[in-house]
Amino acid sequence: MEKIKILWADDEIDLLMPHILFLKEKGYDVTTANNGDKALELMKEKTFDIVFLDENMPGKSGLETLAGIKRIYQDVPVIMITKSEEEHIMDEAIGSQIADFLIKPVNPNQILLAIKKNLENKRLISEKTNMDYQQEFRQIGMSLGDRMDFKQWAEVYKKLIYWELQLEKSADESMYEILTMQKNEANNLFCKYVEKNYCNWVKKPDEGAPIMSNTLMKKRVFPLLENTEEPVFFLLIDNLRYDQWKVIQPLLTEYFKVVEEDSYYGILPSATQYARNALFAGLMPSEIETRFPKMWSNDEDEGGKNLYEEQFLADQITRNRKNYKMSYTKITNHNAGKDLVDNINNMMQNQLNVIVYNFVDMLSHARTEMEVLRELADDEAAYRSITLSWFEHSPLFEALKKIADKKIKLVITTDHGTIKVREPIQIVGDRNTNTNLRYKQGKNLNYKKNEVFEIKKPEDAMLPKLHLSSAYVFAMGDKFFAYPNNYNYYVNYYTNTFQHGGVSMEEMIIPFIYLRSK
């Protein structure tokens, strides 16, 4: 391994020989200069990994030398060393993009720490992260062998996301691959857990079931409106997964305090038509169909499937004997987002402001259909990065910053997540079978039972029954449905795209974040 090359410029360099010998004994290659001109001359002749620069030198000062160094090598880290603790010198040095600032007298360990912090920081963090995950790997593995409840599954999922975000910064790809394998194993076991418990959850919601789409507003949101004069903003960002929340969280915590970071379980199918209608209606899909026969649209029906969310929510509020002054805003394009920003002050007059923002869902669909977006969001990390970039520059973030100045409560959540699908499974259905790749609903469906979660009686999952022989089947983990008569097309076009509607931690374990303005 090539030695790290250090340039140290100080007019009293002879007095620093013990420090320099210490660094050489540690394996560093140290070159010295006793003035700024000599330092710049050496920079032109030789490449250095890091520079230590005295601030107070005769002739060309440290700050002048720093400016010269940055003109030659913009990215080389420069550690400024000075006897002075005057604030204006520190401000000027920091403004000139120094990497660190040390006050004389310095000791060898300070110098060593500055080198490690600026040059070996990434490697040291990577090694520590890998070691910590290896310990956590065993604990997660032991948890997967236990009989976990829905709360424990949510905690396991959050742990896996935490390590995914940590390990993607690491240079060690092998450890990231191990995490991916463990996440896949967890998803497979989670699917079996859901398969065993789901119908009991929806039929007996008060007997040990998690909070789900149809009970979320009543159990988690309406209580926030009680005995308070603070408006509640309920923000539903379509398709927002827990990992995507974690990457936008640092932007929001500059303006809001996170009071609670929780989760709830989305219903099946984990698709907007079912999950979001259930959330706003406070009812399961079959109940919505019965109560609102003219407002519920089935898979076979033409037209939009989420046209009556505001009416469903108003009805749920009335059924719960509440009388909230409410607004409902759905954002589907950039101009509507700008209008939202302009309307924030008016919203402060309401007790409940519901905002549905559709960007992330559009992103997942666009990534499937547009080759350029597939390349930009090639993997999970890139998909998160695009979400972060969008959010940072979106009218939504501007609107949130505007309400942060006011005394409010904010809930951020979604209706379902999405998963990157990798493995096709064959299914046969008639021409009326729906087109979603993660769930199929219809009659005379033909599939291998061991590859899907099947619900032969829709009433068992409180889902609409279109025909006497209607059934629902759900793809599990990272699988997706493909028809055998057009199999190669489906495999080539849809493998490694983000889809929703089926059973996975990513689709069903939904972030529920409660924040307050600081």
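Two strands are taken to pair if DSSP finds at least two bridges between them, and strands (E, at least two residues) and helices (H or I, at least four) are DSSP runs numbered from the N terminus. By that rule, five strands form an open sheet with parallel pairing, in the order S2-S1-S3-S4-S5. Strand S2 (29-33) and strand S5 (100-103) stand at the edges, each with a single partner strand, so one side of each has no neighbour in the sheet. From one strand to the next the twist averages 20 degrees. Within this sheet, strand S3 (residues 50-54) and strand S4 (residues 78-82) run parallel and are joined by four bridges, and phenylalanine 52 stands opposite isoleucine 79 in S4.

The model is predicted, so that local features need pLDDT of at least 70 and side-chain atom pairs count only at pLDDT 80 or more, whereas totals for chains, interfaces and linings use all residues. Residues are numbered from 1 along each chain as its sequence is written, and side-chain values use heavy atoms, with hydrogens and water left out.

The secondary structure of the chain comes to 20 helices and 18 strands, and the C-alpha trace spans about 95 × 55 × 40 Å along its principal axes. Of the 518 residues in the chain, 54% are buried, where buried means under 20% relative accessible area, exposed over 50% and partly exposed in between, with a 1.4 Å probe and protein chains only. Among contacts (heavy atoms within 4.5 Å) between residues at least 6 apart in sequence, 74% join residues at least 24 apart.

A second open sheet has three strands in the order S13-S15-S14, with antiparallel pairing. Strand S13 (439-442) and strand S14 (452-455) stand at its edges, each with a single partner strand. S13 and strand S15 (residues 471-475) run antiparallel and are joined by four bridges, with lysine 440 opposite valine 473 in S15.

Two helix pairs are set out below; their axes are lines fitted to C-alpha atoms over the stretch in contact, and angles run from 0 to 180 degrees between N-to-C directions.

| Helix pair | Axis distance | Angle |
|---|---|---|
| H2 (residues 36-45) and H3 (residues 62-72) | 10 Å | about 10 degrees |
| H17 (residues 380-392) and H18 | within 6 Å | roughly 55 degrees |

Angles under 35 degrees count as roughly parallel, over 145 as roughly antiparallel, 65 to 115 as roughly perpendicular and the rest as oblique. H17 and H18 are therefore oblique to each other, and their contact is made by Trp390, Phe391 and Glu392 of H17 with Leu396, Phe397 and Leu400 of H18. Helix H18 (residues 395-404) is mostly covered, since seven of its ten residues are buried, among them Pro395, Ala399 and Ile403. In the other pair, Gly36, Ala39, Leu40, Met43 and Lys44 of H2 meet Thr65, Gly68, Ile69 and Ile72 of H3.

A nonpolar core is a set of buried Ala, Val, Leu, Ile, Met, Phe, Trp, Tyr and Cys residues joined through side-chain atoms within 4.5 Å. The largest one has 108 residues, and those with the most contacts inside it are Tyr198, Phe234, Phe280, Leu410 and Ile412. Leaving aside neighbours within four places in sequence, tyrosine 198 is in contact with Met212, Ile267, Leu268, Met284, Phe453, Ala461 and Met508. Apart from this core lies another, of 20 residues, including Ile20, Val30, Ala114 and Ile115.
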